[in-house]
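Subject: Two-chain model, handover and notes

Hello,

The structure is below for your records. My notes on it follow, with cut-offs given where a term first comes up.

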Amino acid sequence: MAALSLTRRGVLLGAAAALATTGVAKALTLAEIKKRGYMTVATEDDYQPFEFTKDGKPTGYDQELLEMFKKSAGFEVRQDIIPWTGILPGVTTGKYDAAVTAILVTQERMKTLDFCSPVVESIDYYLKRKGDKKIRGIKDLNGLSLGVEAGSAMLKMLPQLDDMLKATGGKLGKIVSYQGYPEAYQDLALGRIDFVVNTRLSLESIAKSKPDTFEIGEPVSKPTYIAWAVVKGNSELLATLNAFLLGTRKDGSMYALQKKWFDTTFEHMPEAPTADV
Amino acid sequence: MGTGDYLALAAGAGNTIAISLLAIAIGTPLGLGLALIRWGRVRGLDGVVATLVSLLRATPAVTLVLLVYFALPTVGLEVPRFAAGVATLTLGSMAYNCEIWRAALLAFPRDQLDAACAFGMPRGLRFSLVVLPQIARAALPALVNEMTLLIKVSPAVAVIGVTEATRAAVRIGATTYNPIPPFLVALAIYVVVIGFFVATQRMLERRHRAGLFA
């Protein structure tokens with residue numbers, strides 16, 4: 001869990017984006033899927049703990065949810081396991097009816113995709129050195145240097161923290177971008193930066209593994225959501241997937257899977273995801 | 001890395017070898033065909049081939065495979081992913097091999113052909129007995145060079161879900177957070193496969209020198 005990163009989906013690859021915009025959507029509606037007899041979904045192969053391959057077999061949080069959906073769907077669900085790059089173009093060109101993978105819901109993606117009810121909520125927090133007396137609350141972050149991953153969604157969320165600081169008369173300090181979070185944590189421990197911004201899940205995991213070095217702070221962003229997606233306008237299929245997903249919330253099976261894979265639960269997510277980035 | 005991981009890497013290696021060999025086996029003669037069209041200045045086709053080769057050489061393998069796998073279904077052509085992978089690598093190999101064959105053809109001494117003509121040798125025989133053995137020998141190092149490049153480009157097909165050696169290694173690294181052992185195994189796989197091609201080339205060249213290879 002140490003390298004868990006919920007929001008690497010900040011960047012869409014060029015090739016994928018180009019295809020996604022040129023592709024002619026011909027995803028099947030629910031009636032067409034029933035007529036054809038099967039639905040096609042794409043899942044990923046290396047995104048622990050959502051979907052990954054263990055001994056050549058798919059597993060993970062989304063995979064277990066998908067297996068529950070396969071049982072309840074009433075039609076065959078054919079699964080293609082492909083890397084992230086091919087997933088969104090696959091859905092927008094109609095090759096797949098749904099992307100059953102952890103997609104960060106963004107305003108940009110909402111233009112071409114309809115997102116299902118979220119499966120995970122993600123909020124950015126700050127991490128500080130254990131016992132650092134400079135930082136007692138959000139307003140103390142004024143002007144302090146912070147570490148964040150280059151090109152990440154967390155970096156894009158920083159204006160939200162800036163707004164919070166402005167409300168108390170402060171502002172963001174120096175932003176140091178790192179190639180990866182491990183380097184940022186090291187620099188924090190060494191005192192080269194004052195705090196690190198990352199998702200709650202990642203920071204909880206690092207604070208738990210190094211309790212004498214790090215301490216988790218407070219939320220510094222609005223929540224973002226991670227959800228499955230269908231092509232824009234395929235509302236019947238969206239409704240079918242949503243009915244299933246909301247059902248797993250009601251009977252608690254989704255929360256049990258969250259406990260298993262994330263060691264926490266997200267019980268206050270909205271029925272439809274929102275996007276502030 | 002456990003037994004399951006080694007099995008996954010072995011399966012990936014199998015895919016790498018199968019896809020590369022198929023693409024080489026189809027792409028090399030297709031390249032020769034295109035080169036002959038250009039060499040013979042076949043009216044109408046010459047320009048088409050030149051444009052096609054230039055386009056293919058300008059297209060990255062990852063982009064091409066995404067196009068074959070995701071764009072063709074939108075015009076009603078459903079391609080299985082293994083076939084899409086082979087087709088992509090074949091197209092690339094065909095384009096590069098066309099240029100390699102063409103270079104060998106351009107360097108071919110014309111007076112030999114004139115001599116064969118003077119003896120009344122028909123076109124087919126002129127090609128198979130006079131031209132092909134000599135250009136094959138001249139092109140061999142460049143062709144094998146291109147084959148080794150193709151094998152190293154083959155991880156591009158992973159993007160449509162064909163799990164070849166590199167992707168198998170990525171998957172293992174993503175679960176163990178220790179990517180070095182699977183990558184070292186993958187590297188060893190490539191060294192062995194490419195070593196096989198280079199060894200074959202050496203063997204053929206030794207046979208030429210001994211005059212055994214017509």
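A residue is called buried if 20 or more other C-beta atoms lie within 10 Å of its own, exposed if 12 or fewer do, and partly exposed in between, with C-beta atoms placed from the backbone. A:Ala153 counts as buried because 23 other C-beta atoms lie within 10 Å. This residue, A:Ala153, belongs to helix H6 (residues 153-167) of chain A; helices (H or I, at least four residues) and strands (E, at least two) are DSSP runs numbered from the N terminus. Between A:Ala153 and A:Asn198 the C-alpha to C-alpha distance is 9.2 Å, at a separation of 45 residues in sequence.

On provenance: this is a predicted model, in which local features need pLDDT of at least 70 and side-chain atom pairs count only at pLDDT 80 or more, while totals for chains, interfaces and linings use all residues. Residues are numbered from 1 along each chain as its sequence is written, and chains are lettered from A and ligands numbered from 1 in the order in which they are written.

Chain A, domains and strands

Chain A is divided into domain 1 (14-121 + 224-262) and domain 2 (124-219); such bounds come from an automatic or database domain assignment. The C-alpha centres of these two domains of chain A are 32 Å apart.

Strand E12 (residues 195-199) of chain A is mostly covered, with five of its five residues buried. Two strands are said to pair if DSSP finds at least two bridges between them. By that rule, strand E9 (residues 124-129) of chain A pairs with E12(A) in the antiparallel sense over five bridges, and A:Asp124 has A:Thr199 in E12(A) as its bridge partner. Strand E10 (residues 146-149) of chain A pairs with E12(A) in the parallel sense, over two bridges. There, A:Leu146 has A:Phe195 in E12(A) as its bridge partner.

Elsewhere in chain A, three strands form an open antiparallel sheet in the order E2-E3-E4. Its edge strands, each pairing on one side only, are strand E2 (46-47) and strand E4 (57-59) of chain A. E2(A) and E3(A) run antiparallel and are joined by two bridges, and a hairpin of three residues connects E2(A) to E3(A). The partner of A:Asp46 in E3(A) is A:Phe52. A:Phe52 has A:Thr59 as its bridge partner in E4(A), and A:Thr53 stands opposite A:Pro58 in E4(A). Helix H7 (residues 165-176) of chain B packs on this sheet and touches E2 and E3 of chain A, its direction making about 105° with that of E3(A). Angles here run from 0 to 180 degrees between N-to-C directions, and axes are lines fitted to C-alpha atoms, for helices over the stretch in contact. The hairpin of E3(A) and E4(A) has two residues between the strands, and A:Asp55 in the turn has a positive phi of about 50°.

The contact between the chains

Which residues count as being in contact? Those whose C-beta atoms, placed from the backbone, lie within 7 Å. The contact takes 25 residues from chain A and 21 residues from chain B. On the chain A side, the elements giving two or more residues are helix H1 (14-22), strand E3 (51-54), strand E5 (76-81) and helix H4 (84-92) of chain A. H4(A) gives the largest share of that side, four residues. By class, the chain A side has nine nonpolar, nine polar and seven charged residues, where Ala, Val, Leu, Ile, Met, Phe, Trp, Tyr, Cys and Pro count as nonpolar, Asp, Glu, Lys and Arg as charged, and the others, Gly among them, as polar.

Chain B

Chain B has eight helices and zero strands. Its C-alpha atoms fill a box of roughly 70 × 50 × 20 Å, taken along the principal axes. Buried residues make up 36% of the 214 residues in chain B. Of the contacts in chain B between residues at least 6 apart in sequence, 77% join residues at least 24 apart.

Helix H1 (residues 3-39) and helix H8 (residues 180-209) of chain B pack at an angle of about 35°, with their axes 11 Å apart. The contact has eight nonpolar, one polar and one charged residues.

Regards

Technical notes: Contact = placed C-beta atoms within 7 Å.
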